[in-house]
Amino acid sequence: MSIIYDEKYKTITLHTRNTTYQMQIDRYGFLLHLYYGKTAEGCMDYLLTYYDRGFSGNPYEAETDRTYSMDALPQEFPSLGTGDYRTPACIIKNTDRTYASDFRYVSHTIKEGKYSLPGLPAVYADTDEAQTLEVVLADPVTGVQAVLLYGVLPQYDVITRSVKIVNASKGHISVKKLAPACLDLVGGAYDFITFYGRHAMERNCQRMPVGHGVAKIGSLRGTSSHQYNPAVILAEHDATEDAGSCYAMTFVYSGGFQSEAGQDQYYQTRLLMGMSEEQFAYPLNPGEQFQSPEVILSYSSEGLSKLSQNMHRCIRSHLCRGKYKETVRPILLNSWEASYFDFTGDSLLALAQQAADLGIEMFVLDDGWFGKRDSDMRGLGDWVVNEEKLGCTLGELIEKINGMGLKFGIWIEPEMVNEDSDLYREHPDWAFVIPGRRPNRSRYQLVLDFSRKEVVDYIYEKICAVLDQGNVEYVKWDMNRSLADIYSATADSQGRVLHDYVLGLYDFLERLVDRYPDILIEGCSGGGGRFDAGMLYYTPQIWCSDNTDPIDRLEIQYGTSFIYPASSVGAHVSASPNHQTGRLTSMKTRGMVAMAGTFGYELNLNELSAEDKEEIRRQIAEYKKYAALVQRGDYYRLTNPQTDNQGAWEFVSEDRKEALVQVVGIRKHANMTVDYIKVRGLKENTMYRDTETGMLYNSTALREVGVPKPVLEGEYQAYQWHFVCED
Ligand code: GLA
């Protein structure tokens with residue numbers, strides 16, 4: 001049993017393989033948080049302390065007891081109105097226009113299997129792999145209910161949380177704030193690790209101490225965003241990659257979000273993850289309910305690598321879906337950086353032929369194949385194949401490409417419209433524009449109102465009509481601007497539109513996945529602007545960044561790896577000099593960095609030297625050898641490329657008999673010192689052979705001292721060791 005209710009102590013305890021989470025229904029019906037950490041048995045309510053604390057009020061039923069205050073007690077779902085002045089997880093505007101909620105325990109149930117969420121992405125599991133706890137809380141005055149859902153996946157050290165607000169009151173209410181995950185920790189001193197960035201430089205890792213005052217990250221962009229990722233970590237100050245306590249929260253949601261971390265007046269830490277409060281006021285009539293997206297939580301007492309591995313395993317095998325979720329993905333060539341908008345059917349075929357000759361497995365036709373789309377100024381919304389440009393039908397083009405032994409994939413951007421398009425001329429009200437205001441433009445495009453079903457239905461039909469023209473085996477779903485001018489002509493309340501937009505997006509994706517179960521969909525939003533666990537439910541890989549420079553990618557992929565598995569990280573070899581930075585790097589270095597993801601190419605192969613082509617052939621053979629290990633192995637960050645002399649990472653097989661260590665040098669000096677790369681995750685004191693050189697290494701020495709990185713001429717050199725256990 002992973003969920004246990006103890007009648008005597010009124011505790012509900014959730015056990016995973018290595019962790020325990022405990023809550024208690026206290027004497028007044030409040031649901032208090034007791035513990036989340038390393039496996040622990042028994043009742044932990046001794047952790048609660050009671051003192052008379054000035055200006056921390058007391059619930060009425062505590063009568064003259066001034067030591068009982070919600071202002072200091074750790075809670076599962078704090079709201080406004082109970083005397084807790086810390087940041088709440090929930091704010092409801094009641095029928096009487098007040099903002100107080102006082103949620104008390106009503107009942108709970110424990111079920112086999114993991115709950116699912118209608119219309120929303122969520123972790124899934126077989127009935128015997130997970131259990132669900134449902135706790136019903138209600139405000140005795142308004143009748144409004146908060147139904148807390150906990151999914152427990154013991155083998156993955158993962159707990160998921162979601163909240164359903166049920167308007168069981170007699171009038172209209174609105175949900176103003178909702179954070180399905182709250183973690184109140186009475187002890188400890190933590191750092192808040194977040195992933196910030198910008199277009200073409202996403203998910204840089206920032207680690208800062210949690211102090212007094214609330215540190216808040218989030219996105220007001222209607223998408224999860226390049227600027228902050230909806231995943232955070234709370235790590236003890238001294239936690240490292242392989243030691244110390246740390247917690248992760250990953251939001252399974254692709255819209256605006258916020259995460260808040262702060263210490264209260266008694267140095268207790270609260271961490272919240274939920275939906276963005278801005279422009280959010282979800283209306284609920286009597287009887288209606290609002291289901292929040294879910295948050296995946298994990299805890300590791302063995303440092304950050306273990307925490308990441310927990311998330312990777314769960315996302316890879318219990319969130320990603322479809323034929324490709326655990327299989328090695330086809331090696332693709334994408335046409336974007338090869339020719340941008342400037343192509344003809346013949347030039348595409350010439351590129352495809354080169355790809356086929358080199359051993360690439362799939363050709364992806366990126367932007368520019370539809371409507372009048374010869375630049376980014378026009379055409380979005382007109383999902384009609386430009387046969388004049390292709391010189392043939394799409395079906396014919398695909399047949400020719402298939403005839404070369406390549407699969408075929410295509411780029412789409414369904415959520416957008418250019419003002420210069422037939423669609424916009426016909427349906428100007430389908431784009432987000434506030435009446436009386438001129439809209440914000442971004443990349444010359446406006447956002448279609450996907451909160452409206454008729455808009456989603458229309459685009460869906462058009463996209464399917466394209467996909468039905470031939471043997472399409474891959475789709476790149478792009479989204480190239482942030483939302484603005486939020487106004488929906490048909491919505492009863494504008495405070496629901498941003499969330500309904502995300503539901504519209506998910507509805508479209510679900511229908512697509514259902515209708516084309518064999519198509520591999522890659523998510524994209526100007527690279528990694530919507531790189532989140534919500535999208536991964538539909539698209540098992542996401543284009544990690546529009547920045548294909550391998551040295552910048554070291555940092556981007558480093559930050560991404562804290563939460564997301566390598567199998568989800570879209571990574572391509574592109575041209576040198578790089579189109580984003582102008583940096584020169586070798587084909588070998590570019591290949592190694594791309595191999596730490598889904599691996600593909602995005603450059604004009606016709607312009608390559610014979611030597612580079614030979615290197616590509618070698619790379620492809622090598623990738624095939626290691627792809628399964630990269631996709632399913634345990635991932636270790638061996639250095640921090642933000643501060644170290646090199647980017648280094650490692651994939652270790654589950655049985656620990658095999659490991660691939662990859663290193664790219666960053667800074668170069670004359671008369672260099674030797675860097676030792678410490679190798680982790682191998683069996684203790686065991687001999688391993690590097691299959692590339694045949695040399696033998698002791699695993700304990702590899703961990704304690706490391707493998708010396710050869711000093712080579714030139715910058716940005718790539719190094720690799722493939723260790724196989726001698727036993
Ligand atoms: C975005 C994507 C790119 C490419 C272009 C096409 O920027 O991230 O990979 O598909 O759009 O317009």
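Is Arg 530 buried or exposed? Arg 530 has 3% relative accessibility, so it counts as buried (under 20% relative accessible area; exposed is over 50%, partly exposed in between; 1.4 Å probe, protein chains only).

This is a predicted model: local features need pLDDT of at least 70, side-chain atom pairs count only at pLDDT 80 or more, and totals for chains, interfaces and linings use all residues. Residues are numbered from 1 along each chain as its sequence is written, and side-chain values use heavy atoms, without hydrogens or water.

**View A. Arg 530 and its surroundings.** Arg 530 sits in the loop between strand E28 (520–523) and helix H9 (533–536). Helices (H or I, at least four residues) and strands (E, at least two) are DSSP runs, numbered from the N terminus. Beyond neighbours within four places in sequence, its contacts (heavy atoms within 4.5 Å) include Glu 415, Trp 477 and Met 535.

**View B. The largest nonpolar core.** A nonpolar core is a set of buried Ala, Val, Leu, Ile, Met, Phe, Trp, Tyr and Cys residues joined through side-chain atoms within 4.5 Å. Helix H8 (residues 497–515) gives the largest share, nine residues.

**View C. Trp 369.** Not counting residues up to four places away in sequence, Trp 369 touches several residues, among them Phe 343, Trp 383 and Ile 410.

**View D. Ser 609.** Ser 609 lies in the loop between strand E32 (600–602) and helix H12 (610–632). Ser 609 is partly exposed, with a relative accessible area of 35%.
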